[in-house]
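Open the structure in your viewer and keep the selection panel at hand. The stops below go from the whole chain to single residues.

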Amino acid sequence: MTSTVETIGPAVARRAALAAQGFADPPPSGPVTRRHLLRALGRVRLLQLDSVNVAVRAHYMPLFSRLGPYDPALVDDAAWSHSARRPRLLVEAWAHEASLLPVQEWPLIRAGATRDRWWRGYQPLVDRHPGLVDDVLAAVKELGPVGAGALEAALQAPTRPRPAGASWWERSEVKRICEYLFGIGALTTGTRRHFERLYDLPERVLPPAVLAVPQPSPEEAARALVLRSASALGVATEPELRDYYRLAPARSQAAVAELVGSGELEQVRVRGWERPAYRLPGTRVPRRITGRALLCPFDPLVWERERTERMFGFHYRIEIYVPEPKRRYGYYVFPFLLDGELVGRVDLKADRKAGVLRVPGAFAEPHADRPRVTAELAAELRVMAGWLGLDGVVAGERGDLAGPLAAALR
């Protein structure tokens, strides 16, 4: 018996995606608590980390986009501190990229379902100097949580016992081994200091209940991670399901086929999409999406650029590495979501010395209702500035919305 594949329209797929990402949930009416944080994390599943801090650290912004102003210490406490009364909720690992994800997903990430990443290029160094791995792990056990610089200094200290004939490790070698061990999960982040990663052993960071979970097979982990991707994406193609956790292609393809066969995932056809799409049975599709949000470049709603263009008709690229004269929109550009559509974008910079949120460029999409977009964007920028502890918003001169935005902000 052949099952019927349902056909849905692109607007339905878009609303399902927005609901899955938490944009159909009303923001908290009072102060944001750990309970609200957990609910939002249950939607997005992970927070990507990035070193760029021109406006706000990437891992803080997706929660602001969904919850409104909140105390970033909620994230810091969940990710980098723990006690018997308040256990750690998040752990750092390579997932989509370097990310914060719920501690319960640590066994899945370590199971071998993800594709090989850049740190595998350090394997020849490991093979040449197996003693360096042992030395780094021993030093982290002794000193951790500890940064790479302190580890380098410790391993070069004349007082540290060394095997006969062993050479001093080069600083660059120590750093590469730290990143290799972090990549394979032999090390994680104990805490951060001024955003510097301080390495520690997983057994000193993760709750005992998580460490006691039997390691799943790569196939089991791939199926579990695909289901989490489907939950976060709403409606997605197989490559999109794969990309959320950067699964190995063959593992992802096999997992999707098995989950469709078991009924845990269902195939749908989206009009205008070339590839088959998939969703969880009973996926929520609101009749409409309302509200507004600024999205950082690493927000899970927009990080897969082809999906963003297909779903929203919004061409989006990060121009950080583009020479300034060749940038079209700016250095660190935030898409603006309004009532379920991406209607504009703003280049943002937190000028902490002057105490203002600067908007060097502001641009509307061709279909946008410009007066309404301008008013809503100005209001949201004021909210964001207040959340960042800044006194106001200053519009620049680039873009077709720059003048109207400056007037609205005045």
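How many residue pairs are in polar contact across the interface of domain 1 and domain 2? The rule finds 8, with both residues at pLDDT 80 or more; a polar contact is a pair of N or O atoms within 3.5 Å, where one must be able to donate a hydrogen and the other to accept it, and residues adjacent in sequence count only if both atoms are side-chain atoms.

This is a predicted model, in which local features need pLDDT of at least 70, side-chain atom pairs count only at pLDDT 80 or more, and totals for chains, interfaces and linings use all residues. Residues are numbered from 1 along each chain as its sequence is written, and side-chain values use heavy atoms, with hydrogens and water left out.

Select 7–111 + 217–279 for domain 1, 118–160 + 169–212 for domain 2 and 292–409 for domain 3; these bounds come from an automatic or database domain assignment. The C-alpha centres of domain 1 and domain 2 are 27 Å apart. Their contact (heavy atoms within 4.5 Å) involves 18 residues of domain 1 and 21 residues of domain 2.

Next, show the surface between these two domains. About 1,500 Å² is buried there, 65% of it from carbon and sulfur atoms; buried area is the accessible area (1.4 Å probe) that two parts lose on being put together, summed over both. Select Glu92, Trp94 and Trp106, which supply 40% of the area that domain 1 buries against domain 2.

Finally, pick arginine 192 and glutamate 92. They form a salt bridge (a side-chain nitrogen of Lys or Arg within 4 Å of a carboxyl oxygen of Asp or Glu), with the closest N and O atoms 2.8 Å apart.
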